[in-house]
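Subject: Structure for you to look at

Hello,

Here is the structure I said I would pass on. Please open it first; my notes follow below.

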Amino acid sequence: MIHVHNFIDGKYQPALSGATIPNVNPSTGQVYGTIADSDENDVNLAVHIAQKAFPAWSQTSLDQRFAILNRIADIIDNKMDELALAESTDNGKPLWLSKKVDIPRAASNFRFFATAIKHFSSESYYDHPATLSYTLRQPIGIVGCISPWNLPLYLFTWKIVPAIAAGNCIIAKPSEITPVTASILGEICNEAGLPAGVLNILHGTGPNTGNAIVSHPDIKAISFTGGTATGKHIISIAGPMLKKLSLELGGKNAAIILDDCNYEKMLKDTVRSAFSNQGQICLCTSRLLIQDTIYDRFKSDFTHLVSQLKVGQPLETNYKIDQGAIVSKQHFDKILSAIELAKEEGGIVLAGGNKITLPPPFQDGYYIEPTVIEGLNQECRTNKEEIFGPVVTLQKFSSLDEAIQLANATGYGLDTVIWSSNTDTIHYLANNAQSGIVWVNCWLVRDLRTPFGGVKQSGLGREGGWDALRFFTESKSVTQQFL
Ligand code: NDP
């Protein structure tokens, strides 16, 4: 059994109430540990500790921050096997994926912001006859970071690292569903010399711990990644308190596939963009829009490739699995009911559509076949609502205007993927896509310097690069007139 405690003031400790919640291994459906269930008393304690740490941390030199953040990255690299095993056990994702994406990306988040903070500059202006104005960028103080379960350490570090680099002290909450790697990060930060109290990690449920963080008057900014409904709830509490907010929310992303694209690359990348991490990435393409001239060919080739994808227990080493377990029973049931809804709405299942029962000891784990559905128009719930699982729909279009109209016809606006070799087409679609991110002839290629975030119901604000450092600092304009 793994017991996940809070990490406050550089020390592990249970929730003050002693309350815990069970942690379930999604590959077996069995409880394999407990998690501290923190409430507002734990948040009060963590804020008090963070306030004590803030004056010293906000005054550290950039060289010191650079060195500590890089040391953390090095230790993450050294603990790759331990962290990847913990991530895949907790989340259900294939072990190779944790090793290839999640854990290396967590390390690169530290390296990226270690360097970025040294290059972070602010504006200065001179006006005749003798006025100089410049902008200071100062840390906010105590900030809250709340992250989801789908890319646990990857997204947790994507938030906390710019906040630390900018000189803030943090109250952070990973998802209660996947708390283990964030917990291990505490000891890594101690080993790397991050002063106690700079990063405080609280565990527990959203309504209990998350709510207490969002509503604490001394936590001045909230960076949140998760569902749109939760994001709106957070706004309703933090908005009237005039907190700074950065919200990365859900998506219902479209890939627009034209007949002049590099077909083989498109096919391979589209399978990946639909089913990576069991389709549980906010950036996954869940609606494939295909030009009518290649619809039948694509449908046949895509369905064939999808039906060959291997689903297995996340730590499988006898053969390479493409998909592991769905993260929780609740989410598993939600995805299966979304597939049933698609059938009721008239959808035809071309591949998958069922749960999978693996041999013991994995018979109670949460496994779903990669699923492809056609025959639904853009007006149905299946094509409007986020499923966040291994389920994609196919739709046909005959003109560029129709393609972009279909792509934009949801309440979300996170990313759009364009497959074409015609630059006029690409620019037309990229310009008209209602999304914060556009990928052309690729998917999930991330340059960490670029702004990251969505429009419409997909979020508020941007993370990444300078945007993250701007979010975690307050600007102060100073104007001097020379005598
Ligand atoms: P949730 O919104 O359920 O949870 C996200 C985080 O918020 C968790 O830590 C959760 O805690 C916490 N939380 C839940 N309720 C509250 C509350 N009332 N107050 C404060 N915190 C709360 O999302 P999921 O974890 O289910 O993640 C999946 C969603 O995240 C999908 O919609 C997906 O699209 C989105 N997402 C968006 C990304 C983006 O960059 N735009 C990236 C990745 C995911 P707990 O889990 O412990 O209850």
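In this predicted model, helix α12 spans residues 400-407, and its buried residues are A403, I404, L406 and A407. They lie on the same side of α12, because the arc they cover around the axis is only 160 degrees. An α-helix has 3.6 residues a turn, so residues three or four places apart point the same way.

Next, a pair of strands. Strand β6 covers residues 124-127 and strand β7 covers residues 131-139; the two pair in the antiparallel sense, with 4 bridges. They form a hairpin, and 3 residues sit between β6 and β7. Within this pairing, Y126 is found opposite L132 of β7.

- E176: a backbone N or O atom is 2.7 Å from an oxygen atom of the ligand.
- G206: a polar backbone atom is 3.0 Å from an oxygen atom of the ligand.
- G204: a backbone N or O atom is 3.3 Å from an oxygen atom of the ligand.

How much of the ligand does the protein bury? Taken alone, the ligand exposes 900 Å², and 88% of that is buried by the protein.

Regards

Conventions
Residues are numbered from 1 along each chain as its sequence is written. This is a predicted model: local features need pLDDT of at least 70, side-chain atom pairs count only at pLDDT 80 or more; totals for chains, interfaces and linings use all residues. Side-chain values use heavy atoms; hydrogens and water are left out. Buried means under 20% relative accessible area, exposed over 50%, partly exposed in between (1.4 Å probe, protein chains only). The arc is that of the directions from the helix axis to the C-beta atoms. Two strands pair if DSSP finds at least two bridges between them. A polar contact is a pair of N or O atoms within 3.5 Å; within protein, one must be able to donate a hydrogen and the other to accept it, and residues adjacent in sequence count only if both atoms are side-chain atoms. Accessible areas come from the Shrake-Rupley method with a 1.4 Å probe; for residues, only the protein chains shown count as cover.
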